[in-house]
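Open the model in your viewer and keep the selection panel at hand.

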Amino acid sequence: MMNVGQRFLQKHVLGLEDFSREEIDIILHVADSFKEISGRQIKKVPTLRGRTVINLFYEPSTRTRLSFEIAAKRMSADTFNISTSTSSTKKGETLIDTARNLAAMNPDVIIVRHSCSGTPKLLSNHIDASIINAGDGTHEHPSQGLLDLLTVREKKGKIEGLKVAIIGDIAHSRVAHSNIIGFTKMGAQVRIFGPATLIPAGIEDLGAICCPSIEDAVDDVDVVMALRIQQERLHDPLLPSLREYANYFGINRRLMGLAKKDALIMHPGPINRGVELEPLLADSEQSVILDQVTNGVAVRMALLYLILGGDKT
Ligand code: CP
């Protein structure tokens, strides 16, 4: 392991907007080296023995929550999950009070998911533990952005110079925001397309190119990333019906024919099969959706390792 601890000085993981290209490179390098641990028969190293990690999720999650828990356990940290449906939040305790009470038990890391953008930053101002953002409102989902970068780098051998199309509800997608920031920082071209009502004003400021049509977006790209359609928003006047969405914004074989022949198909999950992505494509050889999930564990092991001091521990 290179001496990364000296060069990675972040205490929190709030968003990829806070990370330099060198820091992202370090995270990907460490994640790459940790992948091997998950392939062993005994999938455990003592690196974070005695450290305490709390998962505080105010929104549902399958992949992120389990992946952080597995990552922490593979590094021998003690992990605890708080289900907000059975916690004292139900009795009216404020978020800050909950966090302060958790902090009073001396955890090293609190991983938080919340529907309100900025919640992880708010917590980082009030408590001593490191905070990792596991998705905050429409802001960022940094560990998802990092695992997507790792997956593309692994499959394509590089990120610099690649063309990446992100299709769907850009406005509400924290995954899209972290990926636009991450891929742009690493030297890729990021193109976006979606319903006009769901392309936020000023998104080009993050470095993305807004395309006039879905065909323009996917033309000759190396990566096509479909975003989850947020079914809870289908009652908003912002979106057509599911069927119309699938017709106009769903990724299908015709569109993949316009991308590079070996283009990767990505999706952060959970997938609405037949809506944002044709089911055959989700299971095709071009799909790296399950590789994304596998790489999520390695990226989260790397984040825990680095914010807890890397090789200085
Ligand atoms: N990709 C992702 O964040 O999935 P979960 O909502 O299941 O954590």
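**Pocket**

The lining of the largest pocket is made up of five nonpolar, twelve polar and seven charged residues; Ala, Val, Leu, Ile, Met, Phe, Trp, Tyr, Cys and Pro count as nonpolar, Asp, Glu, Lys and Arg as charged, and the others, Gly among them, as polar. This is a predicted model, in which local features need pLDDT of at least 70 and side-chain atom pairs pLDDT 80 or more, while totals for chains, interfaces and linings use all residues. Residues are numbered from 1 along each chain as its sequence is written, and side-chain values use heavy atoms, without hydrogens and water.

The volume of the largest pocket is about 520 Å³. Select Arg113, Arg174, Arg228, Gly269 and Pro270, the closest to its centre of the 24 lining residues. Then colour α2 (63–74) and α6 (174–185), the elements that each give two or more residues to this lining. A pocket here is an open set of points on a 1 Å grid over the protein atoms alone, where a 1.4 Å probe fits, with protein on both sides within 12 Å along at least five of seven lines; lining residues have an atom within 4 Å of a point. Grid points are joined across faces, edges and corners, and the volume is the space filled by probe spheres set on them. Helices (H or I, at least four residues) and strands (E, at least two) are DSSP runs, numbered from the N terminus.

**Ligand**

- Ser61: a side-chain N or O atom is 2.6 Å from a ligand oxygen.
- Gln144: a polar side-chain atom lies 3.0 Å from a ligand nitrogen.
- Pro268: a polar backbone atom is 2.8 Å from a ligand nitrogen.

**Sheet**

Select the five strands of the open, parallel sheet, in the order β7-β6-β5-β8-β9. The edge strands β7 (209–210) and β9 (264–266) each have a single partner, so one side of each lacks a neighbour in the sheet. Strands pair if DSSP finds at least two bridges between them; β5 (residues 163–167) and β6 (residues 189–193) have five, in the parallel sense. Ile167 stands opposite Phe193 in β6.

**Backbone**

Finish with Gly269 and Pro270, joined by a cis peptide bond with omega about -10 degrees. Pro270 is in the loop between β9 and α10 (279–282).

Definitions and conventions:
Polar contact = N/O pair within 3.5 Å; in protein donor to acceptor, adjacent residues only side chain to side chain.
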